[in-house]
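I opened a new model today and kept notes as I went. Here they are, in the order I looked things up.

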Amino acid sequence: SSEASGDKFSCLSISVNWFLSSPERDFKSIVSSVFLSEQENKINEHHTKLDDNAFKFLALKRPLARDLRLAIATMKINTDLERIGDQAFKIKRLLVHLHSNYSSIFKTINEEVTWMLDNALESFIHGNIKLAFDVIAHDRIVNEINRSIFKSYMDGVKKQTIDFDEGLNIIQIAKNLERIGDHAKNIAEDVIFLESGRDIRHGKGEGPKDGQPWANIKRKFCL
């Protein structure tokens, strides 16, 4: 069931969310320890176990209809979570090289992608298509914030008001956060496929119209 798969995803999600949490931590002390690598290893272990279980289910049960969609969605979501972990790991490593505290810059985009990930998994567990569409709608906000950060710091690098390496690290962190949002969106699309049988990837099908509900979030963050 989705609930059982959701329980298995929760262990993987907890490890992934650790990477996304607390941007104002002392990252240098964390990265210098083995703890960071242990967290990445946990994600990889959970990913392998979930894939093995899904393959066994396909081989032994020969599922049809919704059960088959559930197995396919589980494997795809599992892959997206593992890639989110990889991207979050890169963010932690990049943060070490920043010479100043830029946590305020990443606060909004970090909150958005964390919301997207949490609610994408919530929509999977409860089969909530409306919530899945809300997650997809939030992806526009993340893209806009990423573009804004890119433009601002690329201009700073060109005008030499910010060090080149510093500006590049900031842009890469924002891009990795934006990619995490993309993976959360993929999970939401898989939920819609699982529950309805509709493939809405690449603009197929109908989702929320412009202004519903992402325009409200846009106003909230004054974008």
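**Ground rules.** I'm working with a predicted model, where local features need pLDDT of at least 70, side-chain atom pairs count only at pLDDT 80 or more, and totals for chains, interfaces and linings use all residues. I number residues from 1 along each chain as its sequence is written, and side-chain values use heavy atoms, with hydrogens and water left out.

Helices here are DSSP runs (H or I, at least four residues), numbered from the N terminus.

**Phe-106.** Which residues does Phe-106 touch, leaving out those up to four places away in sequence? I found Leu-95, Leu-98, Ile-170, Ile-173, Ala-174 and Leu-177. Touching, or contact, means heavy atoms within 4.5 Å.

**H6 against H7.** I checked how these two pack: the angle is about 165 degrees and the axes are 9 Å apart. The axes are lines fitted to C-alpha atoms over the stretch in contact, and angles run from 0 to 180 degrees between N-to-C directions. That makes H6 roughly antiparallel to H7, a label for angles over 145 degrees. By class, their contact has 20 nonpolar, 5 polar and 7 charged residues. For those classes, Ala, Val, Leu, Ile, Met, Phe, Trp, Tyr, Cys and Pro are nonpolar, Asp, Glu, Lys and Arg are charged, and the others, Gly among them, are polar.

**Asn-143.** I found Asn-143 in helix H6. Is Asn-143 buried or exposed? Asn-143 counts as buried because its relative accessibility is 19%; buried means under 20% relative accessible area, exposed over 50%, partly exposed in between (1.4 Å probe, protein chains only). Asn-143 touches Glu-178 and Asp-182, again not counting residues up to four places away in sequence.

**Positive phi.** Ala-65, in helix H4, has phi near 50 degrees, and counts as exposed at 55% relative accessibility. Gln-160, in the loop between H6 and H7, has phi near 60 degrees, and at 71% counts as exposed.

Conventions. Parallel < 35°, antiparallel > 145°, perpendicular 65-115°, else oblique.
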